[in-house]
Amino acid sequence: MNHNIISYNYPKSATINIEGLCNFKCNYCPYHSQTRTTYTEKNNYKISFDTAKEQIDILKSYGVKHINICATGEPFLNFDIFKIFKYIKNVGCTSSVLTNASSVISKSLQEIIDSDLLYFSTDLDADNRETFKEIQGRDQFDAWYKNIESLNKLRKLNDNKMKIVVNTIINKDTFNELDGMLDICIDLGIDEWSLNVLVAEDSNDYINNIKSMRYERELVSSKIEKLKKRANDNNIRLQSPEYFDINIDIYNDLECNKPWRESIMINVPLPNDEPGENIGRVVIGCTTNKSVEYNLGNIHKNTLEEIWNGSEFQRFRKNFIDGCDKECSDDCLYHKFTKKDN
């Protein structure tokens with residue numbers, strides 16, 4: 001891999017987490033699952049508008065063009081969210097949001113349209129009410145469907161160019177419902193459907209997940225190719241990981257550039273944090289859970305230059321160059337699929 005441990009290009013995008021509370025209990029969530037989480041109520045947080053404003057100003061001053069509003073909970077539980085969207089727009093950046101799109105947004109759909117988001121992203125992991133409730137931990141399938149349906153109608157009425165993106169995690173519970181989920185995406189006028197797999201901490205945690213998906217790659221790839229054709233026929237862009245492309249040698253053809261180009265994430269909590277300790281913390285926005293163990297700095301105490309090319313980020317990049325087997329590959333979705341079994 002021909003990379004330096006210094007990156008001369010600052011990230012063009014960043015994610016700001018603004019809320020720790022959530023109204024869902026998704027069984028794959030590291031923060032709010034009733035069975036998996038190591039986080040407690042003391043890790044909950046709410047980013048004020050003034051704090052978000054300061055973070056946005058810093059990012060803008062370093063040339064960041066796009067800011068994604070996200071949360072380790074549900075971002076729309078933070079009632080400053082629309083002030084935050086408006087401020088991002090006023091400073092000349094584009095914005096997007098990732099939300100569960102449940103009943104919490106039902107009275108805010110026009111405000112979402114008026115925020116001129118680039119993307120409105122939400123999760124769909126079932127094609128029916130029962131499986132949805134089992135996975136998300138809440139009986140909100142009907143509310144989710146109605147909100148997305150109404151949002152699509154509103155953006156057409158307002159001639160709004162915001163794209164609606166649906167994210168789906170493939171696992172043993174959802175694999176057989178993918179065709180039904182595509183039907184829902186077609187019915188609701190979804191623009192993009194993004195498929196991914198769960199980075200399982202526990203081999204019993206869903207699919208037996210990473211191992212069986214690797215061994216059943218041809219089955220999954222064949223399924224996805226059929227879905228892509230049907231999605232394309234209905235003007236939906238279907239995105240799936242490269243390692244599901246049966247024409248790619250998964251051991252040799254892929255290269256990870258995330259430590260040089262990937263978005264950073266701000267305000268990310270750690271399990272042992274005291275209340276408020278996560279405010280301003282910067283971590284690497286990639287698929288490895290180990291990335292949060294690199295203390296990149298605090299956006300309120302360090303310059304973005306110090307963070308982006310500081311000793312911890314350089315150490316992370318060097319570990320990728322050197323192979324990173326011990327540091328992160330055992331916990332990384334990319335490496336789960338690209339390294340050979342011993």
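## Phe 141 and the aromatic pairs

In this predicted model, Phe 141 has a relative accessible area of 10%, which is under the 20% cut-off, so Phe 141 is buried. Phe 132 is also buried, at 1% relative accessibility.

The structure holds 8 aromatic pairs. In one of them, the ring centres of Phe 132 and Phe 141 are 5.6 Å apart and the planes stand at 70°, so this pair is edge-to-face. Both residues belong to one aromatic cluster, together with Phe 24 and Tyr 145.

## Helix 5 against helix 6

Helix 5 covers residues 141-157 and helix 6 covers residues 178-188. Their axes cross at roughly 35° and come within 9 Å. On the helix 5 side, the contact is made by Phe 141, Trp 144, Tyr 145, Ile 148, Glu 149 and Asn 152. Helix 6 contributes Ile 184, Asp 187 and Leu 188. By class, this contact has 6 nonpolar, 1 polar and 2 charged residues.

## A charge over a ring

The ring of Phe 175 has the charged end of Lys 223 sitting over it, 5.7 Å from the ring centre.

## Two asparagines with positive phi

Most residues other than glycine have a negative phi. Asn 235 has a positive phi, near 60°. Asn 235 lies in the loop between helix 8 (217-233) and strand 7 (237-239), and with 69% relative accessibility it counts as exposed.

For Asn 267, phi is also positive, near 75°. The loop that holds Asn 267 runs between strand 8 (264-266) and strand 9 (282-284). Asn 267 counts as buried, at 0% relative accessibility.

Technical notes
Residues numbered from 1 in each chain as written. Predicted model: local features only at pLDDT ≥ 70, side-chain atom pairs only at ≥ 80, totals over all residues. Heavy atoms only, no water. Phe/Tyr/Trp six-rings, centres within 6.5 Å; stacked < 30°, edge-to-face > 60°. Buried < 20%, exposed > 50% of the residue type's maximum accessible area, 1.4 Å probe, protein only. Lys NZ or Arg CZ within 6 Å of the ring centre and 35° of its normal. Axes fitted to C-alpha atoms, helices over the stretch in contact; angles between N-to-C directions. Helix = DSSP H or I, 4+ residues; strand = E, 2+ residues; numbered from the N terminus. Contact = heavy atoms within 4.5 Å. Nonpolar A, V, L, I, M, F, W, Y, C, P; charged D, E, K, R; others polar.
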